[in-house]
Amino acid sequence: MNEPLVARHWLAAAAPKAAPALATSTVLILARIWNANGAEHSVGDVVLMTALSLGAAVAGALASVGRAGDGVIAGTAFATSGALALAGVAGYADGLSLPLLLWALSTAVAYGLAARHWRTDRREALAHDRHIGERREEQAHVERVEALRAGAQIEVAREGAAYATALAQAITARSALPGFNAAELTRAGLPELPAIEITKEH
C-alpha cells in the first residue's frame, strides 16, 4: 500500500536549525533592553542573576546524576543557567564587546549540543526508513511468491481439467465400439467410471 507523501514547508525544516541562534539572540536583546533601563552596574541585579544561574546549574547537575538521569531536564536546566548568566553579564556590562563575545560563545555551544540531538534524530530516522523499506520488500516478496503459487495451482487445475475432459471423450468414444469393457480400464490403472455415465452413453 502506497503511503501519501507529505512535503514539509521550508520554514518548518529550517526552524530547528535557527532555534539556538534565535534563543541566544533573544536573550542578548532583552538583556541590553534591561541594561538600558537601569541594570548597568546594578549590584543587586547581578547578584540575583548569578544566584538564578547557579541554581539552574545545580538543578541540571542534580538531574544529570540523579537516579533517573533525565537528560531532557538536565539539558533544559543547563541551558537556562547559561541564558541567565548571559543575561546577567549583558545586562550589567556597559559596553557591547563582552556581551557579544558571550553571545557568540553561547551560540556556538548551543549549536554543538543541538548537533548531537540532530545526529541522533537523523540516525533514528534513517534506521526507521531502512526498517520500513525492508518490511515493504519482504511483503512484496511474499506477495510475489503467493502469486506464483496461485498461478501454478491454477495451471495445474487447468491441465487436470483438460486431461479429465480428454480422457472422458476418449472413453466415451471407446465405449461406442463393440466389446467395450469398463472393468479392463480399472485393471489398467484408470479410475473406475460411474456406471450411470456409461449407461447414458449407450
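**Exposure, contacts and salt bridges in a predicted model**

Modeller: E146 is partly exposed, at a relative accessible area of 41%. Keep in mind that this is a predicted model.

Colleague: Why is E146 called partly exposed?

Modeller: Buried means under 20% and exposed means over 50%. The 41% of E146 falls in between, so E146 gets the label partly exposed.

Colleague: What makes R149 and E146 a salt bridge?

Modeller: Their closest N and O atoms are 2.7 Å apart. The cut-off is a side-chain nitrogen of Lys or Arg within 4 Å of a carboxyl oxygen of Asp or Glu, so this pair qualifies. R149 is partly exposed as well, with a relative accessible area of 41%. In general, side chains of opposite charge can pair when their charged atoms come close.

Colleague: Why are R149 and E146 separated by about one helical turn?

Modeller: Because they sit three residues apart in helix α4.

Colleague: How many salt bridges does a search of the whole structure find?

Modeller: Two. R158 and E155 form a salt bridge too, with 2.7 Å between the closest N and O atoms. That value is within 4 Å, so the pair counts. Both residues belong to helix α4, three residues apart, which is about one turn of the helix. E155 has a relative accessible area of 36%, so it is partly exposed.

Colleague: Let's go to the other end of the scale. How do you know that A39 is buried?

Modeller: Its relative accessible area is 1%, and buried means under 20%, so A39 is buried. A39 lies in helix α1. Leaving out residues up to four places away in sequence, A39 touches W34, D45, G91 and Y92.

Colleague: What makes S53 buried?

Modeller: S53 comes out at 10%, which is under 20%, so it counts as buried. This residue is placed in helix α2, residues 43-65. With residues up to four places away in sequence not counted, S53 touches S81, L84 and A85.

Colleague: Why does I29 count as exposed?

Modeller: Exposed means over 50%, and I29 has 52% relative accessibility, so I29 counts as exposed. I29 lies in helix α1, residues 10-39.

Colleague: Zooming out, what is the secondary structure of the chain?

Modeller: It comes to six helices and zero strands. Read along the sequence, that gives the pattern α-α-α-α-α-α.

Colleague: What percentage of the chain is made up of buried residues?

Modeller: Of the 202 residues in the chain, 15% are buried. The accessible surface comes to about 14,800 Å², and 66% of it belongs to carbon and sulfur atoms.

Colleague: How many of the contacts between residues at least 6 apart in sequence join residues at least 24 apart?

Modeller: That share is 66%.

Note on methods:
Residues numbered from 1 in each chain as written. Predicted model: local features only at pLDDT ≥ 70, side-chain atom pairs only at ≥ 80, totals over all residues. Heavy atoms only, no water. Helix = DSSP H or I, 4+ residues; strand = E, 2+ residues; numbered from the N terminus. Buried < 20%, exposed > 50% of the residue type's maximum accessible area, 1.4 Å probe, protein only. Contact = heavy atoms within 4.5 Å. Areas by Shrake-Rupley, 256 points an atom, 1.4 Å probe, with all protein chains shown as cover.
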